[in-house]
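Hi everyone, thanks for coming.

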Amino acid sequence: MANKEILICTGTGCLSSGAEDIEARLVELLKQHDLEKEYPVKEVIKKTGCLGPCSLGPTMIIMPEKTFYGRLQVSDVEIIVEEHLMKGEVVSSLLTEDSHHHPIEDYTQIDFMKGQMRIALRNTGLLDPNSINDYIAKDGYKALHKVLTEMSQEQVIEEIKTSQLRGRGGAGFPTGLKWEFTRKAVGDQKYVVCNADEGDPGAFMDRSILEGDPHSIIEAMTIAGYSVGAGQGYVYVRAEYPLAVKNLSLAIEDARLAGYLGEDIFNTGFKFDLEIRVGAGAFVCGEETALIASIEGERGQPRPKPPFPANSGLWGKPTLINNVETYANIVPIILQGSSWFNSIGTETSKGTKVFAIAGDVNQTGLIEVPMGTTLREIIFDIAGGIPGGREFKAAQTGGPSGGTIPPEYLDLPIDYESLKKIGAIVGSGGLIVMDDRSCMVDVARYFLDFTQDESCGKCIPCRIGTKRMLEILERITIGEGQSGDIDRLISLGNTIKETSLCGLGQTAPNPVLSTLQFFRDEYETHINEKNCPARHCKALVGSYTIDPEKCVGCGLCAKKCPVEAIKGEKKQPYKINSDKCTVCGVCVTTCPVDAIS
Amino acid sequence: MLININHRQYEAQPGQTILDIARANGIEIPTLCHHPALSIAGACRMCVVECDNRLVASCTTPARDGMEILTDSKRVIGGRKTILDLILSDHPLDCMTCEANGDCKVQDLAYQYDLRESSFGSKRESRFSIRADNPFLEVDPDKCILCGRCVRVDHEIQCSYAIDFVHRGFDSIVGTPFEEGLDGDNSTCVFCGQCVEMCPTGALTYKPSKGKGRDYEFQKIVTTCPYCGVGCQLELHVKDNKVIKVGSVYQVGSPNPVGETCVKGRFGYGYVNHEDRLTTPLIKRNGQFEEVSWDEALDYVAQKLIQIKEIYGSKAIAGFSSAKCTNEENYVMQKFIRAVVGTNSVDHCARLCHASTVAGLARAFGSGAMTNSIGEVEESDVIFVIGSNPTENHPVIGSKIKRALKKGAKLIVADPREIELTGLADVAIYQQPGTDVALVNGLMHVIIQEGLYDQTFVEERTVNFELLESIVAGYNPEKVSAITRVPAKDIIRAARLFASANKGSIYYAMGITQHKTGTDNVLSLANLAMLTGNLGRESTGVNPLRGQNNVQGACDLGALPNVYPGYQAVNLPENKAKFEKAWGTQLSDDIGLTVVEILNAAGKDIKGLYIMGENPVLSDPDQNHVIAALESLDLLVVQDIFLTETAQYADVVLPAASFAEKNGTFTNTERRIQRVRKAIDAPGQSRYDWEIICDLAQRMDYAMSYDSAAEIMEEIAELTPIYGGIHFDRLEGTGLQWPCSSREHQGTKFLHQGQFTHGKGKFHTVSYIPPAEEPDSEYSYLLMTGRMLYHFHTGTMSRRSPAIDQYEPDAYVEINLADAKRLGIEDGERVRVTSRRGEVETYARVGERVQEGQLFMPFHYAESPANRLTNPVLDVIAKIPELKVSAVKLEKVNM
C-alpha cells in the first residue's frame, strides 16, 4: 500500500501521555499480524513532533486518508490495526467528535484544527523531525536555494520588510528592519542568533517547532546569515528542552552532511554554520542582551540598550537575534512571497500567531491563527470552551509579562496594537483561560511570584520593587491588606515599569496593574471585607468542609483531590484535612450530592 | 549637536551620554552604580531623567540632537524617590555605627531626598551574615545595594575575577567561588582593596581601620607609595598623627589613573606608626645601645669620620644611599660623600637589582632607564615578559598587562617558574635559569633567518647589525633548546609572534639583571627590540621594571660611584669642574666602589661606612660574609626608621623620618618625578634624612643647609640636565617625566623618538656564558631568590604591617612536587636549604610553580634569610651579584 504513513505524535506532550507505548504496541502488532511487508515499520511509522491538540494525546494520524485518532489507549491500537489497517475501515469510536457530537475523521477538520492557519507550525506533527528527507520532501531548503542563487541580500531583506513580519518573541519589532540594521552595521564579523529560551510558563510553541521541524529554523537562520552577512549562528535553547536540543543537534549534523550548512553552500561560496548553546534555565535569558551575555559565558544579566545587538551584540559584534517562531515564518515568506504573507492578518499585524492555550478550556494545546482572530473564536470555537459550562472570567496573554483580558473584550480582534491598548500584550503567545473560580488577586500574585523569582537582581526597581509588590499581594491574599495598598501597588508598579533596566522588569507589574484595571473590586473586597469572592484564597475562605449529613461516602472527592487532603471509609462521611487542602475546588465539582462547601 | 536640558541648550558630542553632558555642565544627577573608570551598568536607575515623555537612565542613553531632557521634573523626582525608598527597605538604618557614615552615597541621597525610612517598612532583620574571613576586608551583604562597582573594578581594572554576583533576584549577592571567602583556596583575590574604594555604602570596609575614624575625621594627603617602582598615587587618611587607612587617587595621567594599588600600597602602612620606630639617636657602648642626644650622636659621628679620613684618607669611607629615600635625600647623601668626605664610594641597592640595566641600556641606547611609560602597555599588541613577575612584584603593571590581553594583545612569557602570567601567555617559555642570552639570541636567530626583522629601522637607526647577525647565526633553535631546555618549536613560535608585532614591548626585571651575565642579558633584549624596530614609539620599548619606590631616582641623583647626578661621569674633567664649582670644594677623580665591593673591602680599605636606609644584612648576597664585613668596620653609622638587622651591627644609629613624615619626590620606574607629601609628624626625635646629613656636614665644617626639599630640588635642577625643568611648583598633579630640561619642557613620555640618546642604537654581540655555580652532585638543586606579592624587600615595612604579616607570616621555599615526593617532604614541613655559604631553615611550599630540580625562596624574611645562601659572584661590568642562581642542598628537618 503505497503512501501509507502512520504519524504518531512524539512531542513532549504526547510522550508524557504515553505515545511511546502506543508506538511500541503498533510495531508489535504489525509484527504479530505479519503486516511488516505491507507496512515496513521504518518507512511507515513516523514519529512526528507536536501537532498541537495536546489534550487529545496521544494522537495518531493515518495518511493519506488523514484519519485522526486521539486520546489513544494502548488497547485501542489493536482495533486500529485490525479494522483500519487490515480492513481499511475507519474506527469511528476512536474519532474525535465536533461540538455537535459528530465524529470527524480528517484531522484538518476537527474543531481544534479547523479554525487554524498554520504557517509557523506548517510541518510540526506531519513529518519526522529526524529525517532531513521528510523536510526536503516538503520543499525544504528550496527557499535557501532560491535566496542564495537568485536573490541579493538587499532583495531578501526587502522581501521580509514588505511581508511586514514582526518579531514573535513579544515586542513585535519589524523583523525586516532588524535584519537591515544588522546588515548595515559595520563589523568584520557578524552573528545570527536564535532565541529559543522560551521561558513564559505555559508557552511551548518554540519548543514544538524545534522538536518537530528543526530544519525550518536551520534554513531560516542560514537565510538570515546570508542576508545580514554573518557566517556563524547560535541557537540558544533552554536546558529544559532536551528533545529540542537532541532533534536540533541531529538536524544540524544532517544539514552539514547534506551541504546546507558549512562551507560553500549550494556552490555559491557562502558559508554558514550553527552551534547550539544550552541555557541554564533563567527566564531573564530570554531577554536578548542577557541571552547574549549567557552565550559569551558571562552571568546571564541584561545589558543596557543602546547599543542594540544589531550594532553591538555577541562579543561586541553586530548580531541579529530573532526568536524561533519568527524564524519559522521566513521560509514560507520566501517561497510564497511577501504579498501572500501580508494579505493575512490585520492592518498593523500581519501573518499568524501561535498561541499556547491552557487553563480552564476543554482542549489545551498549540494553535496558530491569523492575527485579528478574536479571543472568542480561539477559546470557544477552537479550544472547545470552558469545561463544566462554567463562566469565562478572564484570559491572560503574554504570560507573566502580559495582562488579563476580561469578558468584555472577548470579541476584540487580537493583534499587537489592540492588546496593548487594553494593557495586555501578545507576548510570546501564552494564553491562559480562567473561569469564575479564579481569584484575580491570586492570579496577579502567582505571576508576580514568578517574575520576582526570575528577576536577575541587577537593577533595583525589579529586584527590590517586585519583591515589595509581591509582599503587598501576599498580605492581601491572606487578609492582611492595608488601606492604601492598591494605590501603593499602582504607584510602585508604574515606577518599576518606567525605571527597570530590561523587559522583564518593565513588564513584571503588568499582571497586577491589568487585574487592578479590570478587577479592582476583587482587590477591594479582599482588603476591606477580608473576603475572596472567587472563594479561592484559603486564608479568607477557610477550607472546604463536607457535610456529613449529605455525604454518601462514595469517595469520589478523595480520589480526585490532588493533594490527598480527603480521607474516609467507604459509605461513611469523608473528612477534609484543612492543613493540606489548597481550596482548589475540585472536590466541590466532583461531589455528586453537593455535600462539600 | 545640541541638546536641551531643563529648557536650556547644551553642546553635546557624539558618544556622550545624557549624564556625561549634564555633569560636564554642572547639572546634578544622582548615581550609585556609575563610575567614570568603569563600564556602564545601568543597574541602580537613580540617574533617570525624563526624555520624550519617558523616564530613561541618563547613564546609558546617548545624546541625540534636539533631545529634550528634564532632570528634576516631578516624575523624575518621584521615580528616584521610589528607587531610594526601595533601597532603604532593604538596607539597615544603622548609620550611627556604620563605618561608612559620612562616606555613603545612600546616606547622602536619603538626606537629599528627605527619606528618613522606607515607606515599605524598615529592614529589621539581617538577611546575611557579615564575612570577615581575612585580615583585610569586611563584607556586610546587608548593606550591599548590588551596584556592581566592586565586581566591575575587579573584572575591568584589577582583572582578578575574584568576585561576581551569585544567586538571582532578591537573593543576589556579591560572592566568591564556592562561597569560600576571599581567602579561600579557589579565590583569586589579591586584596588590592579597589572594591572597597568603589563601594558607595558600608558593604565593603577595611578591617585594619575599623572603628578608628570616619571619613569626615580624616585629613587626606595625596602622596606616592613607598613600595615598588610603579609609583602609585595614594591618599593617606590621617587622624591624630596616625595613618589610619589608604584611599585611592583617581587622576588621569598618573601611573595608577583609576585608583589602582596592590595589597602593599593599600595595607602596608602599619609600619609608619609602629612601636618599633626609632625615636632617639643611639650609640653602642660596651655592646649595648644607649639613647643619646642628637648633638652627642652627630658630634661622635663627625669626629669619627674626620679621624678615619685623617688616618686612612677619604677613600677609607663609603656611603650607602637609599632607594627608599627621596630624590632630595639621595642628592644630599651623595653630595655629602663626595664633597664632605671626598670620595666617590657612594652606592645603593640598585647595584643589587638594576645595575645591569643602567649599564646595558646606556651602552645600547645611551640612556639606562625604562624607555616607555607604564600606561602604554595597554596599547601594545605583543608583550614579551621575561624574568619578571609583574602580577606579584609590580601588581598595578600586572593588571595593565591583563587589560592589554583583554583588548587582544598577545603575550609571551619567559620565566623558569609558572607565574600567574604564564597561564595567560600565548607562548609560555620555561628557560633554565641563567640561559637568557642563549634564549634571546635564539629568538633573533629565527627572526633574522626568516627575514622577519625591521630592515628600515636597522638600517636607519642602528649600527653593528652585521656583528649581531654573525653571532646569532650560531644560535639555531636546536642548539638553544639544548641550552635552555625550551622546545625548539616554542622558540620559533615566540620569535615569529614577537616579530609580527606592530607595537611590541619587552618587560623585564630581576630575572634578567641579577646574573653574573646581567649586562649581557640586558644588551640581548636591547638587541631584540632594535632588531624588530620596537623602540622610539608608543607602546614599544625595553622596559625594566624597577623594584623600589625611588631606585630610579637614587640612580638619577648620583647615588652611584661612577656618576654625578644625571649620569654625568665623575671621571670627565668638565663634570668634575662643574660640580667642584657648584659645591665649592675639591672632588675625587676616581670612580668609587660599589655595594658589594665596599663590603668586600670592609675592615681592609674601608674603615667607615655610613648607611642611610639600606639593610644589606638581608639584601646582599652571602649574609655571613656581610655580617663579618660590618663587624670589621671601625665605624658603622646606620640611619633608618627601624633598628634593622643591619642597624644591630652599627656603632651609631640615627632615627629618620618615614615617607609619610616628609616632603620630597620619588622618581618611579617610568622616569616620573612625583611628589611625596608630609602627612604626619615624625615620631620622637627622628628627623628628615637630609636634615641629619646637613647637620653632620656642618659639624664636619662643610656649609650645607637647606630650608626645604623644594630648595634642594632647585639645586638639583641647576646641576642635572635631565632634571633641569623639575621644580616643586610644577609637580602638582601627575608630576613630570625626565628628560625634562627646562621650565618650559613638558617631560618625556617615551625615549629615543627619532634618534637614540647617543645617536644610533648599538647592537652588541653577546655570547652565552653559563652561571657561575651550577648544581652538582652535592649541591644538587638550583636556588632562585626573589619577591612575592605580600612582602617587600627585607620586610622591614611589610612585616610590620599587621594585616599583611598576619595573612602571610612565614618564610618558605617553593619545591616541585616530584622533588618533594622523592625527599618525603610534605607541604608546610620544615626543610633545610644549604649552600656553600650557609644554611637556612624554612617551610616547604610544595607545588608546581618551580620546575623539578629548582627551588625558589623570597628574601624578605630575617628568620630564614635567603641571602645567607646566595652567591656573591659579580657581573664584571655592572658589579651586580648573581642572586638568581645558587647551587644548594635540600633536606627535610626532622623535628
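Let's start with this: which residue does B:Lys400 form a salt bridge with? The partner is B:Glu260, and the closest N and O atoms are 3.4 Å apart. Keep in mind that this is a predicted model. The pair ties together distant parts of the chain: B:Lys400 is in helix α12 (residues 395-406) of chain B, while B:Glu260 sits in the loop between β12 (242-248) and α6 (263-267), 140 residues apart. Is B:Lys400 buried or exposed? It's buried, with a relative accessible area of 1%, and B:Glu260 also counts as buried, at 1%. Over all chains, a search of the whole structure turns up 95 salt bridges.

Now for two pairs within helices of chain A. In helix α2 (residues 19-32), A:Arg25 and A:Glu28 lie 3 residues apart, about one turn of the helix, and they form a salt bridge at 3.1 Å. Here A:Arg25 counts as buried because its relative accessibility is 17%, whereas A:Glu28 is partly exposed at 40%. Over in helix α20 (residues 460-477), A:Arg468 and A:Glu471 are again 3 residues apart, with a salt bridge of 2.9 Å, N to O. A:Arg468 is buried at 7%, and A:Glu471 is partly exposed at 29%.

So what about a charge without a partner? Take A:Asp200, in the loop between β7 (191-196) and α10 (205-212) of chain A. It's buried yet has no salt bridge, and the nearest side chain of opposite charge, A:Lys353, is 8.8 Å away. What A:Asp200 does have is a polar contact of 2.7 Å with the side chain of A:Ser428.

Back in chain B, there's another side-chain polar contact, 2.6 Å, between B:Thr646 and B:Asn615. B:Thr646 lies in the loop between β26 (635-640) and β27 (652-655), and it is buried, with a relative accessible area of 0%.

Next, how many of the 11 residues in helix α10 (residues 355-365) of chain B are buried? The count is 9, among them B:Val358, B:Leu361 and B:Phe365. Just after that helix, B:Gly366 takes a positive phi of about 95 degrees.

Last stop, the surface: A:Asp449, A:Asp453, A:Glu474 and B:Asp171 form a negative patch. B:Asp171 comes from the loop between β7 (164-166) and β8 (173-175) of chain B, and it's partly exposed at 47%.

Conventions. Residues are numbered from 1 along each chain as its sequence is written. Chains are lettered from A and ligands numbered from 1 in the order in which they are written. This is a predicted model: local features need pLDDT of at least 70, side-chain atom pairs count only at pLDDT 80 or more; totals for chains, interfaces and linings use all residues. Side-chain values use heavy atoms; hydrogens and water are left out. Patches are made of residues with over 30% relative accessible area and no salt bridge: like charges are joined within 9 Å, nonpolar side chains (Val, Leu, Ile, Met, Phe, Trp, Tyr) within 5 Å. Accessible areas come from the Shrake-Rupley method with a 1.4 Å probe; for residues, only the protein chains shown count as cover. A salt bridge is a side-chain nitrogen of Lys or Arg within 4 Å of a carboxyl oxygen of Asp or Glu. Lys and Arg count as positive and Asp and Glu as negative; His and the chain ends are not counted. The place of a charge is taken as NZ of Lys, CZ of Arg, CG of Asp or CD of Glu. Helices (H or I, at least four residues) and strands (E, at least two) are DSSP runs, numbered from the N terminus. Buried means under 20% relative accessible area, exposed over 50%, partly exposed in between (1.4 Å probe, protein chains only). A polar contact is a pair of N or O atoms within 3.5 Å; within protein, one must be able to donate a hydrogen and the other to accept it, and residues adjacent in sequence count only if both atoms are side-chain atoms.
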